[in-house]
Every structure is written in C-alpha cells, then in structure tokens.
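I opened this notebook to keep track of what I looked up, one entry at a time. Follow along with the structure beside you.

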Amino acid sequence: MSTQTIAVAMSGGVDSSTVAAMLRAEGYNVVGLTMQLWNQRRLAGREGMPEQVQGRCCSIEDVYDARRVAEDLDIPYYVVNHQERFEKDVVRPFIDEYLSGRTPIPCSLCNNHLKFDQLLITARQIGAELLATGHYARVEYDPERGRWLLQRACDTAKDQTYFLFGLTQEQLSRTRFPLGEMSKPQVRELARQHGLALAEKPDSQEICFIPGGDYKRFIDAYLDEQGEALADTSGELVTTSGQVIGQHAGIHNFTVGQRKGLGVATGTPLYVIELRGNKHQVVVGTNEELASRTMLVKNLNWIAIDDLHSPMRVKIKIRHRHEPADAVIEKTSTDEVVATFDVPQRAITPGQAAVFYDGDVVVGGGWIA
C-alpha cells in the first residue's frame, strides 16, 4: 500500500478510468484531472459540419463520464480548461501544416504541449509529483545509461509510443503507464471487476476535434468562424518528370499516397508522390515511384541516448499503423538526421512523426521534413 499522491489524467474512457481504479485499490491518494480542450459543438451547423456532434475525446460527455468514475471511486476530481492553449498549439498548427502541403499529427503535438506539460504542472500544484495516464506504453529507469526509457507496450497492437516520442527525461521521470503490461481485453475485464459503468465504452479512433474525420470541411468551417479566407493553394498537377497533366483546387485536398480524387484519368493508376507547397504543385506518379529509401527528420527528441554521435541502426516507424522498418540514421546537422532504409518505404509523408526503435526501446524521434 502506498500513501503517495498521484494524479490520473482521466479522459472519460475505459483505459484512464481503469488506471484510476487500479491505483486507488493499491492505496495511492488518487486525484483525477480532465483537460477540457475543445468544444465539440463550437462549429456545429456551419457549412459542411454536422448539427449534432457525438464526440468522445474532449467532449462534454467524456467530462461527465470521468466525473462519474471519480465520484464512484471517491477521489478528488478537477477539470482543467486548456482550450486556448490547445487551439494555439494544436489546432492552428494542424491547419497551417495542411495548407502548407504537409500532413500533421495532432495527437503528438497534444502530448508534447499539453498532456505531459501542462498536466504535470497542474499535478504538482495539487501536491502530486507523479502523473499516470491510460496510454499503452512502458517507462522505467535504466541506471546503466542514467536515463529514463520509454518502451513499447506488451500489447503491440495497442502500443502508443509513436505518439509519445516527444517526452523529455523530466516528464518521463514523473509519468507512469500502468497499462503497459496489459492487453485491452484484460483492461476491460479489470474495469468490470472494479464495477466501472463504462467498461464496454468504445474506443475513440478519430482526431478529437474533427467530427466525422473530415479535416477539409473542418478547415473550411474553422477559417469561416475566424473570418479568414481560405488561402488559394490551387495549382498544377504534374508528373515526376515535370509534365503538367491537370489543375487542382488546393494542396490541402491531398496527402502523400492518395490515389482517389486526383481529377485526372490515365491508363495507369496515379498516386500523390509529393506536395510542393511553395509552388502549389501536386506531384503524381506510379505506385513504384511512391517508395523511397531516404528521408530527412528534423526537430529531434532523444530519449534512450543524449545525442546521436555516430550512425546507428534502428527500426523506424513513419506512421501509427506502420510496421517499424530497418534503417540507419546519421546526423546531418544539430537538429536533423537522414534515415536510409534497407528496403524502400511507401508514402513517406512530411509532417508525420518518425520514431526510432532499438527493440522495444524508443531511441528518439522527430518530424519528417
């Protein structure tokens, strides 16, 4: 039994609720914290947006579910409003990235700037030195390296380390992931054992602030609300050899690897190979041209090492559902590495995260340039 105070980031889902119940049963002084990040009804009814929004993450319904769990567990509970910070550090960069021809990953931005930054500050303010979350990952201290390590979850199908590569040593030292050794069915069964009413609640799969997952309509509605005109990024559809084969209405309508909706008909299937934001060009080509052996990764964060001092063999994950691929990373400047894959990888997408692994250990990561 422990009398230590630990804050639990409660999203209103089964995972974080189970973490709170587990730690409460173990004797911790548990305090529940929920971040209110986005009003799901804010853009409801604007052109292209649904009148009724049934959101999960960040929704009012989630706050209600988290509060109910806290009441059932008889633990203190607070809602922390970070809507302004979320809009500035997550929503606006998401929009700006798309309009620049990149494909952003807002979950990592949210983790870096809010969940493991502002929540840790709030936790300390209420007397909790530690923060626990429902992420599927593991963290432990390695005395030989003198560093905190982030490791993949035992349930690799649920592993979320791809979204956590930006955590610092200080943040990792104060963070706990109690579900890292468990599978999702085990978590749901534990929730039932603790009598949690939301044990069967479905997981949220979409970007939390975009109802229905239609980011194009979201961008239009958000800019309309802000009184801003959508930047004109229309331009040419060109082949990899430079031949102009058509026109497009805006680069934010495309992403690397896309096949449908190109607006041109040819004898062979075409895919988006590259988005040239500065020229407003969408480069298309064959499936074979979509594969590449090299990529640049910038804005790095190292976890298992203090820095990259020599070329290193790793496995690299270039999107959440991507199987990590063998590669060598080599530093090209202070905050940039070039990665060379053993086998060409399909649809390497600027704006996405690239996370480096040594077995289950996260070496570090950065953003694909």
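**Entry: helix 3.** I began just past helix 3, where Gly101 takes a positive phi of about 95°. Before going on, I noted that this is a predicted model, where local features need pLDDT of at least 70 and side-chain atom pairs count only at pLDDT 80 or more, while totals for chains, interfaces and linings use all residues. I also noted that residues are numbered from 1 along each chain as its sequence is written, and that side-chain values use heavy atoms, with hydrogens and water left out. Helices (H or I, at least four residues) and strands (E, at least two) are DSSP runs, numbered from the N terminus.

Helix 3 covers residues 83–99, and its end C-alpha atoms are 22 Å apart.

Which residues of helix 3 are buried? I listed Phe86, Glu87, Asp89, Val90, Val91, Phe94, Ile95, Tyr98 and Leu99. Buried means under 20% relative accessible area, exposed over 50%, and partly exposed in between, with a 1.4 Å probe and protein chains only. Their cover includes helix 4 (106–115) and helix 8 (215–225).

**Entry: helix 5.** In helix 5 (residues 118–125), I noted Gln118, Leu119, Leu120, Thr122 and Ala123 as buried. Just after this helix, Gly127 has a positive phi of about 90°.

**Entry: Arg138.** I looked up Arg138 in strand 5 (residues 137–142). Arg138 counts as buried because its relative accessibility is 17%. Its side chain reaches the backbone oxygen of Arg152 at 2.8 Å. A polar contact of 3.5 Å also joins the side chains of Arg138 and Asp360; such a contact is a pair of N or O atoms within 3.5 Å, and within protein one must be able to donate a hydrogen and the other to accept it, while residues adjacent in sequence count only if both atoms are side-chain atoms.

Entry: Four strands form an open sheet of mixed pairing, in the order 9-8-11-10. Strand 9 (244–248) and strand 10 (271–276) are the edges, each pairing on one side only. Two strands pair if DSSP finds at least two bridges between them. Strand 8 (residues 235–239) runs parallel to strand 11 (residues 281–285), joined by three bridges. There I found Leu237 opposite Val282 of strand 11.

Note on methods:
Expected span 1.5 Å × (residues − 1). Contact = heavy atoms within 4.5 Å.
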